[in-house]
Amino acid sequence: MKTTTSRQEGIVLIESLVAILVFSVGILGIVGLLAASIRSNADARYRNDASMLANQVIGQMWAGDKSNAALKANFESPGGPEYASWKTTVAGALPGVASNAPTIGVSDDNVATVRVQWQAPGDAVPHSYVLVARING
């Protein structure tokens with residue numbers, strides 16, 4: 001004849017295994033949230049860097065000769081010397097710039113359009129930040 005205690009043998013082991021399973025699923029969820037948080041933080045950092053770099057070149061345009069001819073000669077991509085220097089700075093600060101070069105366009109009415117692009121490792125498509133400013137002299 002089986003007693004009640006012999007029927008319950010092993011129940012502690014099953015409860016322990018279920019508790020370990022629930023705990024493991026919780027840990028995996030936390031690790032997934034941590035990975036998403038790190039990726040989101042890196043995206044925000046790259047966007048902030050792109051914003052600062054675009055504002056930096058607009059500031060250089062404001063500080064220098066503001067004539068349309070000078071802006072086009074110095075800053076317009078791909079040939080301006082100031083553009084080349086700025087492009088090197090952008091390439092050092094953001095990932096994936098080699099295949100997604102930044103551009104600067106200056107219209108005849110001194111509206112400068114700065115486009116900074118980057119592609120983080122693992123990203124399928126590049127991100128871009130566009131800044132438009134009128135440079136008046």
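Which residues in helix 3 meet which residues in helix 4? Ala73, Asn74 and Phe75 in helix 3 meet Pro81, Glu82 and Tyr83 in helix 4, where contact means heavy atoms within 4.5 Å. The model is predicted: local features need pLDDT of at least 70, side-chain atom pairs count only at pLDDT 80 or more, and totals for chains, interfaces and linings use all residues. Residues are numbered from 1 along each chain as its sequence is written, and side-chain values use heavy atoms, with hydrogens and water left out.

**Helix 3 and helix 4**

- Helix 3 covers residues 68–75; helices are DSSP runs (H or I, at least four residues), numbered from the N terminus.
- Helix 3 packs on helix 4 at an angle of about 45°, with the axes 4 Å apart; axes are lines fitted to C-alpha atoms over the stretch in contact, and angles run from 0 to 180 degrees between N-to-C directions.
- This angle makes helix 3 oblique to helix 4 (under 35 degrees counts as roughly parallel, over 145 as roughly antiparallel, 65 to 115 as roughly perpendicular, and the rest as oblique).
- The contact of helix 3 with helix 4 has four nonpolar residues, one polar and one charged (Ala, Val, Leu, Ile, Met, Phe, Trp, Tyr, Cys and Pro count as nonpolar, Asp, Glu, Lys and Arg as charged, and the others, Gly among them, as polar).

**Helix 2 and helix 4**

- Helix 2 (residues 11–63) and helix 4 (residues 81–93) pack at about 165°, their axes being 11 Å apart.
- The two helices, helix 2 and helix 4, are therefore roughly antiparallel.
- From helix 2, Asp49, Leu53, Ala54, Gln56, Val57 and Gln60 meet Glu82, Trp86, Thr89, Val90 and Ala93 of helix 4.
- Six nonpolar, three polar and two charged residues make up the contact of helix 2 with helix 4.

- One aromatic pair is present in the structure (rings of Phe, Tyr and Trp, the last by its six-membered ring, pair if their centres lie within 6.5 Å; planes under 30 degrees apart count as stacked, over 60 as edge-to-face and the rest as tilted).
- The ring centres of tyrosine 83 and tryptophan 86 are 6.2 Å apart and their planes are at 50°, so the pair is tilted.
- Tyrosine 83 and tryptophan 86 are three residues apart in helix 4, which means a separation of about one helical turn.
- Tyrosine 83 is buried at a relative accessible area of 4%, and tryptophan 86 is buried at 2% (buried means under 20% relative accessible area, exposed over 50%, partly exposed in between, with a 1.4 Å probe and protein chains only).

**Arginine 45**

- Arginine 45 lies in helix 2 and is partly exposed, with a relative accessible area of 47%.
- Between arginine 45 and leucine 94 there are 49 residues of sequence separation and 9.6 Å in space, C-alpha to C-alpha.
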